[in-house]
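Please read it alongside the sequence and the coordinates.

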Amino acid sequence: MKQISFLIMGLAALVQQPVWAEQTPLSLKTVLKRTQANHPSLQLYKEKAAVIEANRLQAGLSPNPELSFSLENAFGSNEAKGVSGVEGTLLISQLFERGDKKQRRIAVQDSKLAQFQTEYQLTQLGVFADATAQYYQVMRLQSLLALSQTQQSTVSDALNTIKQRAAAGAVSNADVARMQFEYGTLQLEQQQLESEFTTAKLRLAQFWLGETDFNTVQKLLPTSSDANSNLKTELTLPNLADLHNAIDMAPEIQLISQQVLAEQAALQLASANSVADITFGTGVRFDNASNSASLLFEAAMPLQLSNPQQGNIKAVRTQIDLLSEQQQLIRQSLKQQITQTYTQAQNQQRRLLLLQSQLLPLAKTLISQSLDSYRLGQISVLQLLDAQKERFNTEQAIIDTQIALLNSHLMLQRLIGNTSLSSLSNAHSQSPLTQHKATSSPWSNAL
């Protein structure tokens, strides 16, 4: 009876033992901070920003004055022989730009800078989303490893008990072989999970070009073995209409809006360049023959028989119309993607609720009833293990569904350029994961 009781206690044990000993698991906040500071795609923008600043400096420069000197009747013949009849002119002139060309050039560079910042935010949003998705993958494999460790420990205890009962003639050696095969399969699966877990951590560390100086990551959702296992999920979906209304804040839409503003600034510059500039000059004319000098004034302006910028103006207006049409197409595409992802997230929520509220309790009941049947000799130990396996499969399905739901939320947040997963505190950061934390955000009740 002691052997049977020991077997039953081993099969009923569900408390997960920690596989790794680490006091400070890696948090998602730390991952995003490291990524922001060291990801190659984000570092290149620093040099690009310096180029735009230099171009803005150049755009604000005014034309320099021009100094000219000319000689006439020099080294002639007869009466103008030598320098006796030379005439000299010293002239200084200045080009005056009309049409606010300088301000228009600066406005073009300012619009490019704003567009550049939006491009940076879009790039950073994509990098952060990819890093977060990889973090979820590490978290998934970590949970599966802990679950595998618990399952393997349970089967190992059962195997030892079956060996003792086989030695006493209570069970056949076939049960021992079947249990050994089950235990070996679990060991093989754990080795595969450990390999995938190591690879996943390496891929996560690549986002900040660092080493895997962590063993585990923080969990974002409770599992069925946690203290408050009755908690179904902390993730709540916002209203679909609110998501559709937030499309205008999507980074792709914002980028095209900035591109339109840049083209409008270019249009204003082209219009300004079509205005003729005026050159004013003043100087001194000296006549050596009469030994006299006089002041000289001049003004020059090109004759604008036709608009020299009409082709550029037409091209810019066509580009603005093209961007407007492209923005409408992207808006429609985003709306479809949001609807599709939202529907997928709803299905994942329903699946998670079913697994946690119905299937997992049923799996626990199945184990309890199987234990009773095993005590009465109505089922074999292998049937008892099958019941135990059903619970582990249910817990694995819960883990996979939780991660899938997190990824769906991440996709929705990426589409509208808004997520509350990051809490970076850098006030000067252009992080797209923190730029839309308004109280009216559809994600105000999210994780």
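## Strand pairing and the sheet

Leucine 67 stands opposite isoleucine 92 of strand 2, in a predicted model where local features need pLDDT of at least 70, side-chain atom pairs count only at pLDDT 80 or more, and totals for chains, interfaces and linings use all residues. Residues are numbered from 1 along each chain as its sequence is written, and side-chain values use heavy atoms, with hydrogens and water left out. Strand 1 and strand 2 (residues 87-96) pair in the antiparallel sense over 7 bridges, where two strands are said to pair if DSSP finds at least two bridges between them. Helices (H or I, at least four residues) and strands (E, at least two) are DSSP runs, numbered from the N terminus.

Strand 2 is in turn joined to strand 3 by 10 bridges, again with the two running antiparallel, and leucine 95 has threonine 279 of strand 3 as its bridge partner. Strand 3 (residues 278-287) and strand 4 also run antiparallel, joined by 9 bridges; within this pair, phenylalanine 286 has alanine 293 of strand 4 as its bridge partner, while arginine 285 stands opposite serine 294 of strand 4. The hairpin of strand 3 and strand 4 has 4 residues between the strands, and in it asparagine 291 takes a positive phi near 50°.

Why does strand 1 lie largely in the open? Of its 7 residues (66-72), the number buried is 0, so strand 1 is largely in the open; here buried means under 20% relative accessible area, exposed over 50% and partly exposed in between, with a 1.4 Å probe and protein chains only.

## Helix 4 and its partners

Helix 2 and helix 4 (residues 101-167) pack at an angle of about 140° with their axes 10 Å apart, which makes helix 2 oblique to helix 4. Axes are lines fitted to C-alpha atoms, for helices over the stretch in contact, and angles run from 0 to 180 degrees between N-to-C directions; angles under 35 degrees count as roughly parallel, over 145 as roughly antiparallel, 65 to 115 as roughly perpendicular and the rest as oblique. Helix 2 passes helix 4 in a right-handed crossing, and a crossing is left-handed if the near helix is turned anticlockwise from the far one by less than a right angle, right-handed if clockwise. Helix 2 contributes Leu28, Val31, Leu32, Thr35 and Gln36 to the contact, and helix 4 contributes Gln124, Val127, Phe128, Ala131, Thr132 and Tyr135, contact meaning heavy atoms within 4.5 Å. By class, the contact of helix 2 with helix 4 has 7 nonpolar, 4 polar and no charged residues, where Ala, Val, Leu, Ile, Met, Phe, Trp, Tyr, Cys and Pro count as nonpolar, Asp, Glu, Lys and Arg as charged, and the others, Gly among them, as polar.

Helix 4 also packs with helix 5 (residues 173-205), at an angle of about 160° and with the axes 8 Å apart, which makes helix 4 roughly antiparallel to helix 5. The crossing of helix 4 and helix 5 is left-handed, and the residues of their contact divide into 19 nonpolar, 12 polar and 7 charged.

## Two individual residues

Histidine 39 is found in the loop between helix 2 (28-38) and helix 3 (40-59). Its relative accessible area of 12% makes histidine 39 buried, and, not counting residues up to four places away in sequence, histidine 39 touches Arg34, Val127 and Phe207.

Leucine 354 is found in helix 8 (residues 310-375) and counts as partly exposed, at 36% relative accessibility. The C-alpha atoms of leucine 354 and isoleucine 398 are separated by 9.6 Å, the two residues being 44 apart along the chain.

## The chain as a whole

The protein chain has 9 helices and 4 strands, which follow the pattern α-α-α-β-β-α-α-α-α-β-β-α-α along the sequence. Of its 447 residues, 39% count as buried. Among the contacts in the protein chain with a separation of 6 or more, 80% are accounted for by residues 24 or more positions apart.
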